[in-house]
Amino acid sequence: MLAAFGNAFRIPDLRAKLLVVIGLLAVYRLGVFIPTPGVDAEALRTQFQGQGGVFELLGFVTGGNIEVFSVFALGVIPYITASIIFQLLTSVYPPLEKLQKEGEEGRRKITQYTRYAAVALGAIQGLFLAIALIGPSGALRVGWSNGPFLWFTVMITQIAGIAVVIYLGEKITEYGIGNGISLIIFAGIVAAYPQALAQTFALIGTGESNIFSLIIFFLLLIFTIAGMVFIQQGERRIPVQYARKVVGRRVMGGQSTYIPLRVNAAGVIPVIFAVSVLVIPGTLISLFPNVLWLQRVGAWFNPAQWQGLIVSTLLIVAFTYFYTQISFDPRRISENLREYGGFIPGVRPGQPTTDHLNRITTRITLWGALFLGLVNALPQILGWLTGQGTLALVFSGIGLLIVVGVSLDTLRQLESQLMMRHYDGFVSRGRIRGRGRRF
């Protein structure tokens, strides 16, 4: 693996791609040190640390930007939300579905609409945070007051920050390796690891924690990550046979291929959906801290507590089924197979093929949903068992799932570039590819 990384830096154009990724991610990380005008970063950090649960999770996902409310405070959250909305709309709204089928030009228009929607969502979220959190909490710099001027300043700053983050992500995708938006999220999550480890070792030095529980936690964490890789790479391959056609003197078709159905086809989108739902009660609690019944309800939406962990796991399972049903259309696949002369051996074309794919998808989605729910809960449970609650929050299941998924995707693309130039990949035999079974 080390030799493969060395080979990547020996190839001039591949080295340039890697340097583009490193440079643009460094620019993004510099944004955490540029505060939003009028906001007292230290006072706001203290407030977010007191909230726990969802707000600390959002802090890790944004790489600490939201905790100090920097110019990149919202990070890529508005863009991800807008992307999810348009992805859902393309399945249920005919004009967007037609636009998506127009090829590259149609997808370019949808991407442009997504950018506009991300900026609009960022403006709304920035304005809401300024009105609901920054002013009432007293997290204001000297000489600033809570009012329309502060709200307008925060909103304009966040709009500019979101535009820059989207630009950086798209340039990484265009000129670098991997998906730019995913790598920005990856950088934000990984950036929290060194500080959390330093705090943990400081607690060990003072006697508040012990090295044995830390070792147990990381050993269990390694097995958890291995399980994530195992499931992320898992897929079920449904064999497809194409009938032979005689055109003149040529025989066409007769090929055998397969439809790959991933165990975790929904990726981390259900997790993002669940976090979006969990944020709402936490925000209401910060607005009305003295309402007792709201505090009790909020405990069921706080992932740091056992009630919230159960609710978040159930939400992830439900959203996994919901998103898979929208993103995967067995009827369309069945029609495409019949149009091009393909069929699944032992299954009649048409409605029987649709029913067969529906049945397989439902069963696979069950395991994918349980996997995401387990990934969400397991690190927190390990933290409770080993007494490493802080590390469990930093190395959360959501964060680890994103890190593992982005790492595998980036390594897969980098390996493809190496293999194309006749270099060895990252594994001694074969390539990084999905594990699967044929049925």
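The questions and answers below concern this predicted model.

Reader: How many helices and strands does the secondary structure of the protein chain come to, and what share of the residues is buried?

Author: The protein chain has 439 residues. Its secondary structure consists of 19 helices and 6 strands. The buried share of the residues is 46%.

Reader: Among contacts in the protein chain with a separation of 6 or more, what percentage comes from residues 24 or more positions apart?

Author: The contacts considered here are those with a separation of 6 or more.

Reader: Are helices α2 and α9 roughly parallel or roughly antiparallel?

Author: Helix α2 covers residues 12-30 and helix α9 covers residues 148-175, and their axes lie 9 Å apart. The packing angle is about 170°. Angles over 145 degrees count as roughly antiparallel, so the relation of α2 to α9 is roughly antiparallel.

Reader: Which residues of α2 and α9 make the contact, and how does it divide by class?

Author: From α2 the contact draws on K17, V20, V21, L24, L25, V27 and Y28. The partners in α9 are V165, L168, K171, I172 and Y175. By class, this contact has 10 nonpolar, no polar and 2 charged residues.

Reader: How are α6 and α15 oriented to each other?

Author: Helix α6 spans residues 77-92 and helix α15 spans residues 306-327. Their axes come within 9 Å and cross at roughly 50°. The two helices are therefore oblique.

Reader: Which residues form the contact of α6 with α15, and what are their classes?

Author: Helix α6 contributes Q87, L88 and S91, while α15 contributes F322, Y323 and I326. The division by class is 4 nonpolar, 2 polar and no charged.

Reader: Is T90 buried or exposed, and which residues does T90 touch?

Author: T90 has its place in helix α6. With a relative accessibility of 7%, T90 falls under the 20% cut-off, so T90 counts as buried. Leaving out residues up to four places away in sequence, T90 touches L96, E97, Q100 and I110.

Reader: Why do the buried residues of α16 line one face of the helix?

Author: Helix α16 comprises residues 330-339, and P330, S334 and L337 are buried there. Seen down the axis of α16, the buried residues fall within a limited arc, so they line one face; that arc is 65°.

Reader: What is the relative accessible area of G122, and which residues does G122 touch?

Author: G122 is located in helix α8, residues 104-137. It is buried, with a relative accessible area of 0%. Its C-alpha lies 9.6 Å from that of A160, 38 residues away in sequence. Not counting residues up to four places away, G122 touches L74, P78 and I162.

Reader: Which backbone oxygen lies 2.7 Å from a polar side-chain atom of T361?

Author: T361 belongs to helix α17, residues 351-386, and counts as buried at 8% relative accessibility. Beyond residues up to four places away in sequence, T361 touches L261, T324 and F328. The backbone oxygen at 2.7 Å from the side chain of T361 is that of L357.

Definitions and conventions. Residues are numbered from 1 along each chain as its sequence is written. This is a predicted model: local features need pLDDT of at least 70, side-chain atom pairs count only at pLDDT 80 or more; totals for chains, interfaces and linings use all residues. Side-chain values use heavy atoms; hydrogens and water are left out. Buried means under 20% relative accessible area, exposed over 50%, partly exposed in between (1.4 Å probe, protein chains only). Helices (H or I, at least four residues) and strands (E, at least two) are DSSP runs, numbered from the N terminus. The arc is that of the directions from the helix axis to the C-beta atoms. Axes are lines fitted to C-alpha atoms, for helices over the stretch in contact, and angles run from 0 to 180 degrees between N-to-C directions. Angles under 35 degrees count as roughly parallel, over 145 as roughly antiparallel, 65 to 115 as roughly perpendicular and the rest as oblique. Contact means heavy atoms within 4.5 Å. Ala, Val, Leu, Ile, Met, Phe, Trp, Tyr, Cys and Pro count as nonpolar, Asp, Glu, Lys and Arg as charged, and the others, Gly among them, as polar. A polar contact is a pair of N or O atoms within 3.5 Å; within protein, one must be able to donate a hydrogen and the other to accept it, and residues adjacent in sequence count only if both atoms are side-chain atoms.
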